[in-house]
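These are my notebook entries on one chain. I record below what I looked up, element by element.

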Amino acid sequence: MRLQISRSKNAASFYVIKTIYTNGKEHTQIVEKLGTYNELLKKLNGQDPGI
């Protein structure tokens, strides 16, 4: 599992994803959406989530 950061012009979203192999093909699956940068900043009491 790994952390993926998806950036757009308005926000950066954080996802926990894992790689799955089906019939020899690689696919990624979202395990959990952690939230956007601003949401995580509020949850962590101002501590930088680490972009």
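**Entry 1: the helix.** I looked up leucine 41 and found it in helix α1, residues 37-43. I noted that helices are DSSP runs of H or I with at least four residues, that strands are runs of E with at least two, and that both are numbered from the N terminus. The model is predicted, so that local features need pLDDT of at least 70 and side-chain atom pairs count only at pLDDT 80 or more, while totals for chains, interfaces and linings use all residues. Residues are numbered from 1 along each chain as its sequence is written, and side-chain values use heavy atoms, with hydrogens and water left out.

Buried means under 20% relative accessible area, exposed means over 50%, and partly exposed lies in between, with a 1.4 Å probe and protein chains only. I then listed what leucine 41 touches, not counting residues up to four places away in sequence: Gly46, Gln47, Asp48 and Pro49. Contact means heavy atoms within 4.5 Å.

**Entry 2: the sheet.** I next traced an open sheet of three strands, with the order β1-β2-β3 and antiparallel pairing. β1 and β3 are its edge strands, each pairing on one side only. From one strand to the next, the twist averages 40 degrees; axes are lines fitted to C-alpha atoms, for helices over the stretch in contact, and angles run from 0 to 180 degrees between N-to-C directions. Two strands pair if DSSP finds at least two bridges between them.

**Entry 3: β1 and β2.** I found six bridges joining strand β1, residues 2-7, to β2 in the antiparallel sense. The two strands form a hairpin with four residues between them. Glutamine 4 has tyrosine 15 of β2 as its bridge partner, and serine 6 has serine 13 of β2.

Serine 13 is buried, because its relative accessible area is 12%. Leaving aside neighbours within four places in sequence, I recorded its contacts as Gln4, Ile5, Ser6, Lys33, Gly35 and Thr36.

**Entry 4: β2 and β3.** How many bridges pair strand β2 with strand β3? I noted ten bridges, in the antiparallel sense, between β2 (residues 12-22) and β3 (residues 25-36). Threonine 19 stands opposite threonine 28 in β3, and threonine 22 stands opposite lysine 25. This hairpin has two residues between the strands, and asparagine 23 takes a positive phi near 50 degrees there.
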